[in-house]
Amino acid sequence: LNYSTAAEAKPVFDALADRGSVTMPLQKTFWADAFGMVNDRFGTPWMINAGAAEAAAAEETDARTTADV
């Protein structure tokens, strides 16, 4: 699941983790403001990603465009 901000992702992550198991805590990574993995109470695995991924891609595109000029 992808969210725009970590604040939007946290309640979803917490709800899925309730009576489930966290396999990777929701935390900042090099590609996102927040990323985490959890198995819900039924055993279904989820990955939660929030923020910065689109911004990082846009910055990379801008850097390439500037370098080409």
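Along the sequence, the protein follows the pattern β-α-β-β-β-α, which comes to two helices and four strands. Helices (H or I, at least four residues) and strands (E, at least two) are DSSP runs, numbered from the N terminus. The model is a predicted one, in which local features need pLDDT of at least 70 and side-chain atom pairs count only at pLDDT 80 or more, while totals for chains, interfaces and linings use all residues. Residues are numbered from 1 along each chain as its sequence is written, and side-chain values use heavy atoms, with hydrogens and water left out.

The four strands form an open sheet in the order S1-S4-S3-S2, with mixed pairing; two strands pair if DSSP finds at least two bridges between them. Strand S1 (2-3) and strand S2 (21-27) are the edge strands, each pairing on one side only. S2 pairs with strand S3 (residues 34-39) in the antiparallel sense, over four bridges. Valine 22 has valine 38 in S3 as its bridge partner.

Helix H1 (residues 6-17) lies across S1, S2, S3 and strand S4 (45-50) and runs at about 170° to S2. Axes are lines fitted to C-alpha atoms, for helices over the stretch in contact, and angles run from 0 to 180 degrees between N-to-C directions. From its first C-alpha to its last, the twelve-residue H1 reaches 16 Å, close to the 16 Å expected at 1.5 Å a residue; the expected span is 1.5 Å times one less than the number of residues. The buried residues of H1 are Ala9, Phe13, Leu16 and Ala17, where buried means under 20% relative accessible area, exposed over 50% and partly exposed in between (1.4 Å probe, protein chains only). Seen down the axis of H1, these buried residues fall within an arc of 90°, so they line one face of the helix; the arc is that of the directions from the helix axis to the C-beta atoms. Their cover includes S1, S2, S3 and S4. Just after H1, arginine 19 takes a positive phi of about 65°.

A search of the whole structure finds two aromatic pairs. Rings of Phe, Tyr and Trp (its six-membered ring) pair if their centres lie within 6.5 Å; planes under 30 degrees apart count as stacked, over 60 as edge-to-face and the rest as tilted. Phenylalanine 30 and tryptophan 31 form an edge-to-face pair, at 4.9 Å centre to centre and 85° between the planes. Tryptophan 31 also forms an edge-to-face pair with phenylalanine 35, at 5.1 Å centre to centre and 65° between the planes.

Threonine 29 lies in the loop between S2 and S3 and is buried, with a relative accessible area of 14%. Leaving aside neighbours within four places in sequence, threonine 29 is in contact (heavy atoms within 4.5 Å) with Met24 and Phe35.

For the protein as a whole, buried residues make up 23% of the 69 residues. Of the contacts with a separation of 6 or more, 27% are between residues 24 or more positions apart.
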